Amino acid sequence: MYVVCKDHVELAIDMFVDEFEEAPDIVDLDQTKFIEWDPPVTCEECEQRAKFLII
């Protein structure tokens, strides 16, 4: 699972495929709310606002 900004989506997809050998699901954090989990505010790769969850 990766939480990233728009600039790092491709990198996160590549890392996911390398690790799990299958295509990930991409969730837009602006359109999805979680009941028991608050996603990180910033990207895992930089300090920009996190926009996507790669799972």
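Is Arg49 buried or exposed? Arg49 is exposed, with a relative accessible area of 51%, where exposed stands for over 50%, buried for under 20% and partly exposed for what lies in between (1.4 Å probe, protein chains only).

The structure is a predicted model, in which local features need pLDDT of at least 70 and side-chain atom pairs count only at pLDDT 80 or more, while totals for chains, interfaces and linings use all residues. Residues are numbered from 1 along each chain as its sequence is written, and side-chain values use heavy atoms, with hydrogens and water left out.

1. Salt bridges. Side chains of opposite charge can pair when their charged atoms come close. With a salt bridge taken as a side-chain nitrogen of Lys or Arg within 4 Å of a carboxyl oxygen of Asp or Glu, the count comes to three. Asp28 pairs with Lys51 at 3.5 Å, N to O; this pair links distant parts of the chain, with Asp28 in strand E2 (residues 26-28) and Lys51 in the loop between E2 and strand E3 (52-54), 23 residues apart. Helices (H or I, at least four residues) and strands (E, at least two) are DSSP runs, numbered from the N terminus.

2. The pairs of Asp30. The side chains of Asp30 and Arg49 form a salt bridge at 3.0 Å, N to O. Asp30 and Arg49 both lie in the loop between E2 and E3, so the pair ties together parts that are 19 residues apart in sequence. Asp30 is partly exposed, with a relative accessible area of 39%. The side chain of Asp30 also meets that of Lys51 in a salt bridge at 2.7 Å, N to O, and here again the pair links distant parts of the chain, 21 residues apart, with Lys51 and Asp30 each in the loop between E2 and E3.

3. Apart from neighbours within four places in sequence, Asp28 is in contact (heavy atoms within 4.5 Å) with Lys51 and Phe52. A polar atom of the Asp28 side chain lies 2.8 Å from the backbone nitrogen of Asp30, and the backbone oxygen of Asp28 lies 3.2 Å from a polar atom of the side chain of Thr32. Thr32 is itself in the loop between E2 and E3 and, at 26% relative accessibility, counts as partly exposed.

4. The largest pocket. Rolling a probe the size of a water molecule over the atoms shows where empty space is left. On a 1 Å grid over the protein atoms alone, a pocket is an open set of points where a 1.4 Å probe fits, with protein on both sides within 12 Å along at least five of seven lines, and lining residues have an atom within 4 Å of a point. The largest pocket has a volume of about 170 Å³, the volume being the space filled by probe spheres set on the grid points. Its lining includes Asp30, Thr32 and Arg49, and among the others are Phe34, Trp37 and Pro40. The lining residues divide into seven nonpolar, one polar and four charged.

5. The loop between E1 and H1. His8 lies in the loop between strand E1 (2-4) and helix H1 (9-20), and at 18% relative accessibility His8 counts as buried. Not counting residues up to four places away in sequence, His8 touches Cys43, Glu45 and Cys46. Asp7 lies in the loop between E1 and H1 as well, but at 55% relative accessibility Asp7 counts as exposed. The side chain of Asp7 makes a polar contact with the side chain of Gln48 at 3.0 Å, a polar contact being a pair of N or O atoms within 3.5 Å, of which, within protein, one must be able to donate a hydrogen and the other to accept it, with residues adjacent in sequence counting only if both atoms are side-chain atoms.

6. Val3 in strand E1. Val3 is found in strand E1 and, at 2% relative accessibility, counts as buried. Leaving aside neighbours within four places in sequence, the contacts of Val3 include Leu29, Trp37, Pro40, Ala50 and Phe52. Val3 and Ile55 are 52 residues apart in sequence and 8.9 Å apart in space, C-alpha to C-alpha.

7. A backbone angle to inspect. Glu21 has a positive phi of about 55 degrees although it is not a glycine. Glu21 is found in the loop between H1 and E2 and, at 69% relative accessibility, counts as exposed.

How values were computed:
Ala, Val, Leu, Ile, Met, Phe, Trp, Tyr, Cys and Pro count as nonpolar, Asp, Glu, Lys and Arg as charged, and the others, Gly among them, as polar.
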